[in-house]
Amino acid sequence: MTVKRIIVSQKVKSFRRENRLTQEQFASALGLSPQTISKWEREECYPDITFLPILADTLGCTVNDFFA
């Protein structure tokens, strides 16, 4: 059985860049600090699972896109 590693941080970063948002702009849209976005993208921490629908809505994707 192979284990597929899911890297939400890479997906968040990719979708953010596709939307041409800086970390600062993205953080502002979410009401968060740019440092929080930076930590997510560096895999120092992850967004709470309950926050994923808000992230998806802001980035114009679905929650499932973070895991595909």
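Helices are DSSP runs of H or I with at least four residues, and strands are E runs of at least two, numbered from the N terminus. The model is a predicted one, in which local features need pLDDT of at least 70 and side-chain atom pairs count only at pLDDT 80 or more, while totals for chains, interfaces and linings use all residues. Residues are numbered from 1 along each chain as its sequence is written, and side-chain values use heavy atoms, with hydrogens and water left out.

**The buried side of helix 1.** Next select Val 8, Ser 9, Val 12, Phe 15 and Arg 16, which are the buried residues of helix 1. They lie on the same side of helix 1, because they cover an arc of only 135 degrees around the axis; the arc is that of the directions from the helix axis to the C-beta atoms. The buried residues of helix 1 pack against helix 2, helix 3 and helix 4, where contact means heavy atoms within 4.5 Å. Following helix 1, Arg 20 has a positive phi, near 55 degrees.

**Glu 41.** Move to helix 3 and select Glu 41. Is Glu 41 buried or exposed? Its relative accessibility is 11%, so Glu 41 counts as buried. Leaving aside residues up to four places away in sequence, Glu 41 touches Ser 9, Val 12, Lys 13, Arg 16 and Gln 23.

**The nonpolar core.** Now display the largest nonpolar core, which has 15 residues; Phe 26, Leu 30, Leu 55 and Phe 66 touch the most other members. Such a core is a set of buried Ala, Val, Leu, Ile, Met, Phe, Trp, Tyr and Cys residues joined through side-chain atoms within 4.5 Å. At least two residues of this core come from each of helix 1 (8-18), helix 2 (23-30), helix 3 (34-41) and helix 4 (52-59). Helix 4 gives the most, with four residues.

Within helix 4, select Leu 55. Its relative accessibility is 0%, and Leu 55 therefore counts as buried. Apart from residues up to four places away in sequence, Leu 55 touches Val 12, Phe 26, Leu 30, Trp 40, Pro 47 and Phe 66. Draw the C-alpha to C-alpha distance from Leu 55 to Val 12: the two are 43 residues apart in sequence and 8.1 Å apart in space.

**An aromatic pair.** How many aromatic pairs does a search of the whole structure find? The search finds two. For one of them, select Phe 15 and Phe 66: their ring centres are 6.0 Å apart and their planes lie at 85 degrees, so the pair is edge-to-face. Rings of Phe, Tyr and Trp (its six-membered ring) pair if their centres lie within 6.5 Å; planes under 30 degrees apart count as stacked, over 60 as edge-to-face and the rest as tilted. This pair links distant parts of the chain, 51 residues apart, with Phe 15 in helix 1 and Phe 66 in the segment after helix 4. Phe 15 is buried at a relative accessible area of 15%, and Phe 66 is buried at 1%.

**The cysteines.** Taking a disulfide as a pair of cysteine sulfur atoms within 2.5 Å, the count comes to zero. Cys 45 is partly exposed at 29% relative accessibility, whereas Cys 61 is buried, with a relative accessible area of 14%.

Definitions and conventions:
Buried means under 20% relative accessible area, exposed over 50%, partly exposed in between (1.4 Å probe, protein chains only).
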